[in-house]
Amino acid sequence: MCSRIEMEGPVYNTRDLGGYTVKDGRTIRHCRLLRSGALGKCTESDIRQLTEAYGLKTVVDLRTNGEKTELPDPEIKGVEFIHNPLLSDAMLGITREGQEQADSLSAMILELLKEAENHPKENMEKIYLALVSDDFSVTGLKHFFDILLAQKEGAVLWHCSAGKDRVGTATALLLTALGVEREVIIRDYLLTNGYLEPETEAMVAKVAAKVQNERILNGIRILNGAERSYIESMFAETERQCGSTEAFLRERLGITDEKTDILKEMYLE
């Protein structure tokens, strides 16, 4: 079981993947693989925790240029920051994870619901399909694995805005490569709902103060939540393309058997 990293600032979805058991009986090393939401609101105490307690050496920012500009990551001495977006700015118009400006958020939700014909869950599933089928996203996933293969020591942390869709997809594929059982991967993905609940309800309250529309408020909860169907649709798309997620890793992301062995040597014990 991974462990949540309690942060002082409003950074709700930070975790150490260490502790998960894989199919051959080994476990993921602690203080090596960290997943998170955006780090822009970390306090000095949070930064010390990540660098001193977890040995943070590399941060991979999966957000778009626009998100990165809106809430920059803090500069941390001795830590390398790599910008590796998994969605284009145009695609972000559908996801907008972690958006905090109530006016733009409610406008986005209205557009989301309009485009989805009152089925926002199906629209969110399209994002997960795009993350493993769109050429831009697949290139970003390839680079993500290249970064992991180059991480010789210390911890690597990857984040998007909420640590949900893009981080959820990248993490699910990594855990698959390391040999974690599918059901455990899905449970890890769904932990996001409990961790993001304070942020989600704050977003709902902010919009509710201006827009009294239950359809919109429920849409916010859907947008900022993790649904089993989302991650299952991602897995199903990899299987549709290549026959299995493992084959997708080999054929689309270039994770050969040799690279898989290297990843396991680096991150398992």
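**Salt bridges.** I am working with a predicted model. How many salt bridges does a search of the whole structure find? I got 13. Side chains of opposite charge can pair when their charged atoms come close. I then looked up some of the pairs.

**Glu-67 and Arg-166.** I found these two in a salt bridge, with the closest N and O atoms 2.8 Å apart. The pair links distant parts of the chain: Glu-67 sits in helix H2 (residues 65-70) and Arg-166 in helix H7, 99 residues apart. Buried or exposed? I checked both Glu-67 and Arg-166, and each is buried.

**Glu-183 and Arg-228.** Here I read 2.7 Å between the closest N and O atoms of the salt bridge. This pair also links distant parts of the chain, 45 residues apart. Glu-183 belongs to helix H8 (residues 182-208), and Arg-228 to helix H10 (residues 228-242). Glu-183 has 35% relative accessibility, so I list it as partly exposed. Arg-228 is partly exposed as well, at 32%.

**Asp-24 and Arg-26.** I noted a salt bridge between these side chains, 2.9 Å from N to O. Asp-24 is partly exposed, with a relative accessible area of 47%. Arg-26 is partly exposed at 29%.

**A network.** Which residues does Asp-188 join in a network of salt bridges? I found Arg-15 and Arg-35 linked with Asp-188.

**Negative patch.** Next I turned to the surface. Asp-257, Glu-258, Asp-261 and Glu-265 form a negative patch there. I followed up one of them, Glu-258, which lies in helix H12 (residues 257-267). Its relative accessibility is 58%, and the cut-off for exposed is over 50%, so Glu-258 counts as exposed.

**Thr-171.** Back in helix H7 (residues 165-178), I looked up Thr-171. Its relative accessible area is 1%; under 20% means buried, so Thr-171 is buried. What lies 2.7 Å from a polar atom of the Thr-171 side chain? I traced that distance to the backbone oxygen of Val-167.

**Cys-31.** Last, a backbone check. Most residues other than glycine have a negative phi. Cys-31 is not a glycine, yet I read a positive phi of about 60 degrees for it. Where is Cys-31 found? I placed it in the loop between strand S2 (15-16) and strand S3 (33-36). Cys-31 is partly exposed, with a relative accessible area of 27%.

Methods
Residues are numbered from 1 along each chain as its sequence is written. This is a predicted model: local features need pLDDT of at least 70, side-chain atom pairs count only at pLDDT 80 or more; totals for chains, interfaces and linings use all residues. Side-chain values use heavy atoms; hydrogens and water are left out. Patches are made of residues with over 30% relative accessible area and no salt bridge: like charges are joined within 9 Å, nonpolar side chains (Val, Leu, Ile, Met, Phe, Trp, Tyr) within 5 Å. Accessible areas come from the Shrake-Rupley method with a 1.4 Å probe; for residues, only the protein chains shown count as cover. A salt bridge is a side-chain nitrogen of Lys or Arg within 4 Å of a carboxyl oxygen of Asp or Glu. Lys and Arg count as positive and Asp and Glu as negative; His and the chain ends are not counted. The place of a charge is taken as NZ of Lys, CZ of Arg, CG of Asp or CD of Glu. Helices (H or I, at least four residues) and strands (E, at least two) are DSSP runs, numbered from the N terminus. Buried means under 20% relative accessible area, exposed over 50%, partly exposed in between (1.4 Å probe, protein chains only). A polar contact is a pair of N or O atoms within 3.5 Å; within protein, one must be able to donate a hydrogen and the other to accept it, and residues adjacent in sequence count only if both atoms are side-chain atoms.
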